[in-house]
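Me: I've got a structure here and I'd like to know what the labels rest on. Can you take my questions one by one?

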Amino acid sequence: MIKKRDLHECHTLYDLMVHPDVFPFVRQKANSYDEFLFLTKQTIEAEERGELISRTIIDEWGNAIGTINLFDIQENAGFLGTWIGKPFHGKGYNKPAKDAFFHELFYELGMETIFMRIRKINTRSLKAAQKLPYVVCANETRKAIYEQLNAVEEVYDLYEIPKDLYTLYLYQTVEEQEEQAMEA
């Protein structure tokens with residue numbers, strides 16, 4: 001469901017990103033294809049320097065449909081940024097992409113915490129985050145980060161995915177699947 005970023009998919013991703021239902025919520029905005037290509041090159045180089053981690057979300061046929069990123073990496077933590085093209089909203093791509101990305105981040109790359117800053121007006125993303133059993137609202141528990149995000153005006157809610165809570169979720173999911181298999 002995810003793969004390393006590649007310049008060959010820029011046309012497809014740019015066309016998906018500029019949709020008015022997607023563009024306002026994209027962190028790395030580009031106002032032209034050439035700018036998007038340049039930003040993608042910069043992203044690939046920044047990953048090589050360890051500043052961020054970026055993957056392309058793909059569908060079951062290997063077509064690029066969005067991106068998932070970890071920005072602002074410090075002390076084994078970073079901020080998640082995800083967008084999926086409008087034609088693919090509500091089709092079940094978000095969860096498997098996040099599962100694959102989180103597995104890579106926590107168990108292959110040594111991350112301990114994933115933060116999500118979500119605009120208070122982005123109801124789609126807020127509802128998606130609140131559905132996940134391993135996500136914790138961190139407006140109060142990470143007050144310094146919350147205040148830094150909202151220094152000018154209160155725009156974002158802060159959510160946290162701690163590695164231990166995500167791991168517990170995975171164990172519980174495996175146990176439930178095993179129980180269902182035994183009942184069948």
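Me: What makes you call Phe 102 and Phe 106 buried or exposed?
Reply: In this predicted model, both Phe 102 and Phe 106 are buried. The word means under 20% relative accessible area, while exposed means over 50% and partly exposed is in between (1.4 Å probe, protein chains only).

Me: And why is their pair called tilted?
Reply: Rings of Phe, Tyr and Trp (its six-membered ring) pair if their centres lie within 6.5 Å; planes under 30 degrees apart count as stacked, over 60 as edge-to-face and the rest as tilted. Phe 102 and Phe 106 come out at 6.3 Å centre to centre with 55° between the planes, hence a tilted pair. By that rule there are 12 aromatic pairs.

Me: Where do the two sit relative to each other along helix α3?
Reply: They are four residues apart in α3 (residues 94-108), which means about one helical turn separates them. Helices (H or I, at least four residues) and strands (E, at least two) are DSSP runs, numbered from the N terminus.

Me: Which aromatic cluster includes Phe 102 and Phe 106?
Reply: One that also holds Tyr 107, Tyr 134, Tyr 166 and Tyr 169.

Me: What ground rules sit behind all this?
Reply: Residues are numbered from 1 along each chain as its sequence is written, and side-chain values use heavy atoms, with hydrogens and water left out. As this is a predicted model, local features need pLDDT of at least 70 and side-chain atom pairs count only at pLDDT 80 or more, whereas totals for chains, interfaces and linings use all residues.

Me: How do you know how confident the predictor is?
Reply: pLDDT is its confidence in each residue, from 0 to 100. The chain has a mean of 93, and 99% of its residues reach 70 or more. Confidence is lowest in helix α6 (residues 163-183), at a mean of 83, and highest in strand β2 (residues 53-58), at 98.

Me: What makes β1 and β6 edge strands?
Reply: Two strands pair if DSSP finds at least two bridges between them. β1 (2-4) and β6 (136-137) each pair on one side only, in an open sheet of seven strands ordered β1-β2-β3-β4-β5-β7-β6 with mixed pairing.

Me: How do you know that β4 and β5 pair?
Reply: Strands β4 (residues 77-84) and β5 (residues 113-119) share three bridges, in the parallel sense. Among the bridge partners, Gly 78 goes with Ile 114 and Phe 79 with Phe 115.

Me: Why is β5 said to be largely enclosed?
Reply: Because five of its seven residues are buried, β5 is largely enclosed by the rest of the structure.

Me: What puts the buried residues of α1 on the same side?
Reply: Cys 10, Leu 13, Tyr 14, Leu 16 and Met 17 are the buried residues of α1 (residues 10-17). They cover an arc of only 165° around the axis, so they lie on the same side of α1; the arc is that of the directions from the helix axis to the C-beta atoms.

Me: Why is Asp 72 called partly exposed?
Reply: Because its relative accessibility is 41%, Asp 72 counts as partly exposed. Asp 72 lies in strand β3 and has a positive phi of about 55° although it is not a glycine.
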